[in-house]
Amino acid sequence: METGVAILIGLFFTVSVYLMLSKQLVRILLGIAILGNSVNMLIFTNGRLTREVPPLIPEHLSTPEIATANPLPQALVLTAIVISFSFFAFLLVLAFKAYQELGTDNVNEMRVAEPENDQTPPQGY
Amino acid sequence: MAGSSVSADLSQAMNVMPVPAGDWLVVAPTLITMLGGSLCLMLRKNTELQPKLGIGFLVLLVLASLGLTIRTLDQGVVTMVMGGWLPPFGIAFTVDALGATLTLIGSVVALCAGIFGMSTMDSTGRRYGFYPFLLLLMTGVCGAFLTGDIFNLYVWFEVLLISSYGLLVLGNDRIQLDGAVKYGVLNLIGTNLFLIATGLLYGIFGTLNMADIATKVAALDSPASGTLATVAALYFLAFAMKAAAFPVNFWLPASYHAPNIVVSAVFAGLLTKVGIYALIRVMVLILPASRGYMAEVIGLVAIGTLLTGAIGALAQSEVRRLLGYVVIAGIGSMLAGVAVGSTLAVAGAIFYAVHSIIVMTALYLASGIMNMMGGSYDLRNLGGLYQRSAAFAAVFLVLAFAVSGLPPFSGFWPKVMLVDAAFQDGRNWLGASILVSGFLTTLAMGRVWIYAFWRGGPEGTGDGQSAPFEGAETPRLSSSSVWLPLGILTALVVYFGLQPEWMLELSTRGASGLIDPLGYIRSVFGGEG
């Protein structure tokens, strides 16, 4: 099962890198969203994938009898999901506002902060 | 668990003793700023009260981090665990000389920015949350400097990142939106890389506590294995993106000149240095063998960063963008220290980080004053500022000397240490690059001084004529809130230049604590370590 999920995560990374390399801001943002999800799946898989084994410790033991999923990565993933979700929301609003103000969603044409024909500093004195 | 059949002995997993009162200082910087930020947020419509409240909390922050630094010097590494759960289960805040020093200098810089903001932040900027964002940014920065848990470090990075987004778009100009898009996208990718590396590291070692990981890495048979090298490379890329190292430096000159000048000053002072701090922490403390394995690559990146920064600075006529490239050149110097990795080199990198935090903030604030005086940030439209204020011209010259690494100011000593360490280690190209980069920075900064201060007036007016100062904002310039922060920072630059012993002691202590982490590990786990 881990192998299958690992391949799936690899696919996710591929798709996200492909999307992030494009010129359209919306595609870049979609790429970032998928990147965030693939990272989350990676951490989740790190915590061992087991089916239907509750992480319960019997009363007479101090450790679980059989291998269970590690709950800590799941807690980490929860944190990461919340963070990446809020960042994605912010970036979406930012991108929309930038599209309204700059009139383009092509990152090559976003040259307000870095003007295209920027002049060199004065040469002689 | 009903009944008393099982009574767990918590003393092995929990700190049942009450925490010594002095140890609360460990969390005080984050707590103070978080409380202050929330309070300012609630009172954000009261634009008169905001600066007083914000600066009050920043003063508290400086006092707390000063206390923390003194305590760290006194007692060595201090650890406090959240909720009393002993490491590696609980999240630990572990403060060593490195973290404490950077927290202290960072809070001083934030206080200066808060004071400067009184005059440059209009009531709209205040209403949209300059002071809350500044305080919450400091929460993230202090948390990152103080935490001893690598996932917690990621969380603090995100705290400071979201606050920096808020600061960056404050004002809603077109240029800010443009800069924020690039800054936002690239920094988010950087933190995701950081998270990937952390996930993999957890998968290998099953722990997130830095001291615990460092112990387990050191106990490995082959600490420089391919898996760990992959993790180290991911960390390196992630933090290099945060620190704007070559070749992932392009977001910095695209965004740092966009926001209000006081925001630029805070960013230039603190944000890239948090990246460098994390890089030093992870590479030198946790994964030293992988650092040695990657030393060549780090060295090449350092050379690229040093030269890109210096040459980029030469090609700019916008003062703020020029300073952005100077920030990058400084990052190169610190990376050189990481590449060499000896105690002297790491101490040099730490000292350089302290110097860079102070001097870059001061230079950005000075460029803001130049804009108030001359009405422009462009070298072509500036001139004759020496006639306006000879004292300001002298201050700028001091800062220009310091940032170029010329004696007798604070930039000189760390550069001496770094160049010395590079030559001792046989990395002659690295040492030479630091010197060349310093030389080119001297040219770039000297040109700023000659054009903006020394010549008689802006381009188009004859030399020696008094220039028309139409854009000059005399009322703001007479305010002490403009000059006080610059004065404090310049005084620090001069002080660390003339009296470097204190900072040398702190940075050497920080560096040797990273290279031989026994004290760090003992502080976390107690006893034998």
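Modeller: Happy to! Let me start with a term: two residues are in contact if their C-beta atoms, placed from the backbone, lie within 7 Å. This is a predicted model, where local features need pLDDT of at least 70 and side-chain atom pairs count only at pLDDT 80 or more, while totals for chains, interfaces and linings use all residues. Residues are numbered from 1 along each chain as its sequence is written, and chains are lettered from A and ligands numbered from 1 in the order in which they are written.

The residue I would pick is B:Leu134. Setting aside neighbours within four places in sequence, B:Leu134 is in contact with B:Gly54, B:Ala110, B:Ala113, B:Gly114, B:Leu167 and B:Val266. B:Leu134 also belongs to the largest nonpolar core, which has 229 residues; together with B:Leu399 and B:Val493, B:Leu134 touches the most other members. Helix 15 of chain B (residues 343–374) provides the largest share of this core, 22 residues. A nonpolar core here is a set of buried Ala, Val, Leu, Ile, Met, Phe, Trp, Tyr and Cys residues joined through C-beta atoms within 7 Å. Buried means 20 or more other C-beta atoms within 10 Å of the residue's own, exposed means 12 or fewer, and partly exposed is in between, with C-beta atoms placed from the backbone.

Now the chain around B:Leu134. Chain B has 23 helices and 2 strands, which are DSSP runs numbered from the N terminus (helices H or I, at least four residues; strands E, at least two). Of the 529 residues in chain B, 63% are buried. Among its contacts between residues at least 6 apart in sequence, 80% join residues at least 24 apart.

Between the chains, 33 residues of chain A are in contact with 38 residues of chain B. Helix 3 of chain A gives the most to the side of chain A that touches chain B, with 14 residues.
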